[in-house]
Amino acid sequence: MNNKLYEYTKIDDHIWQIAEDEGVYCTLVKGRKLAVLIDTGYGKRDLRAFIESNISTPYIVVNSHGHPDYIGGNHWFDIVYALPEEWDVIQYFEEGKPRQYDLREIRIGQKISLGDMNMVIVFLAGHTKGSIGFFIPEKELLIAGDALNEGLWLFNYGSLSMNDLYETIKNTLKLDFKEYICGHSSKKYIKKNLIPHIRNIEKLRVDDAARRNTIGFETYCSTYEDCNGKWRSFLLLIRFRQTKGL
Ligand SMILES: [Zn+2]
């Protein structure tokens with residue numbers, strides 16, 4: 001669907017995955033009384049104009065984490081919320097550019113009422129140390145940013161260890177959701193797709209992993225397919241040393 005500046009995919013009537021570039025999405029959750037924009041893409045086009053032409057309620061803007069493809073459009077807005085643990089990651093990827101918006105605190109466990117549904121902030125640390133997810137109990141849905149992507153990236157400033165990620169995924173399974181969406185895809189995933197991530201980390205031996213260059217970082221890559229061959233292989237990139245500047 002094309003709506004002036006952006007194409008978007010309706011996860012349902014209330015949740016849109018808005019595409020800036022291929023594979024770069026932000027998510028708009030449209031409640032009856034309040035909307036939430038999760039992430040802002042690279043910020044190449046006027047995201048604010050798009051959002052405000054498609055909602056009739058007040059809205060807030062929240063960053064799932066501080067990577068450039070998630071915070072780049074923050075400058076279109078006056079106020080953006082993020083977990084304080086992530087603020088230095090945001091600052092790092094702003095690369096010294098003067099900040100034109102007010103960065104404010106959001107907390108783990110914070111419940112945001114959208115009128116006809118609620119959103120609960122959950123901790124998804126690993127991909128970065130202050131990554132958060134957005135759990136909507138009424139829809140049994142988790143919006144996960146980059147924390148639970150098909151390809152899990154663990155490198156660059158602010159990322160945590162394999163063990164931290166492992167604990168996060170195991171804790172995430174305890175949440176009462178059935179489906180989740182990720183920041184680099186417009187499709188919904190079912191919860192059990194997280195199991196291969198756990199198996200991948202458990203089986204990973206760095207010596208067996210392939211080395212590759214990923215945006216200037218020398219990384220290790222591990223893939224895993226579930227025992228039914230039903231779910232595709234996963235990519236896991238492990239922090240290693242930086243080989244050149246970004
Ligand atoms: Zn990211």
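Please keep in mind that the model is predicted.

- Tyr6 pairs with Phe50 in a tilted arrangement, with 5.2 Å from centre to centre and 55 degrees between the planes.
- Tyr6 belongs to strand S2 (residues 6–12) and Phe50 to helix H1 (residues 47–54), so this pair ties together parts that lie 44 residues apart in sequence.
- Tyr6 is buried, at a relative accessible area of 1%.
- Phe50 also counts as buried, with 1% relative accessibility.

**Around Tyr6**
- Over the ring of Tyr6 sits the charged end of Arg45, 4.8 Å from the ring's centre.

**The pair Trp153 and Phe155**
- Trp153 and Phe155 form a stacked aromatic pair, with centres 5.1 Å apart and 25 degrees between the planes.
- The pair counts as stacked because its angle of 25 degrees falls under the 30 degrees cut-off.
- Trp153 is partly exposed, at 32% relative accessibility, whereas Phe155 is buried, with a relative accessible area of 4%.

**A lysine over a ring**
- The ring of Phe177 has the charged end of Lys191 sitting over it, 4.8 Å from the ring centre.

Methods: Residues are numbered from 1 along each chain as its sequence is written. This is a predicted model: local features need pLDDT of at least 70, side-chain atom pairs count only at pLDDT 80 or more; totals for chains, interfaces and linings use all residues. Side-chain values use heavy atoms; hydrogens and water are left out. Rings of Phe, Tyr and Trp (its six-membered ring) pair if their centres lie within 6.5 Å; planes under 30 degrees apart count as stacked, over 60 as edge-to-face and the rest as tilted. Helices (H or I, at least four residues) and strands (E, at least two) are DSSP runs, numbered from the N terminus. Buried means under 20% relative accessible area, exposed over 50%, partly exposed in between (1.4 Å probe, protein chains only). A charge sits over a ring if NZ of Lys or CZ of Arg is within 6 Å of the ring centre and within 35 degrees of the ring normal.
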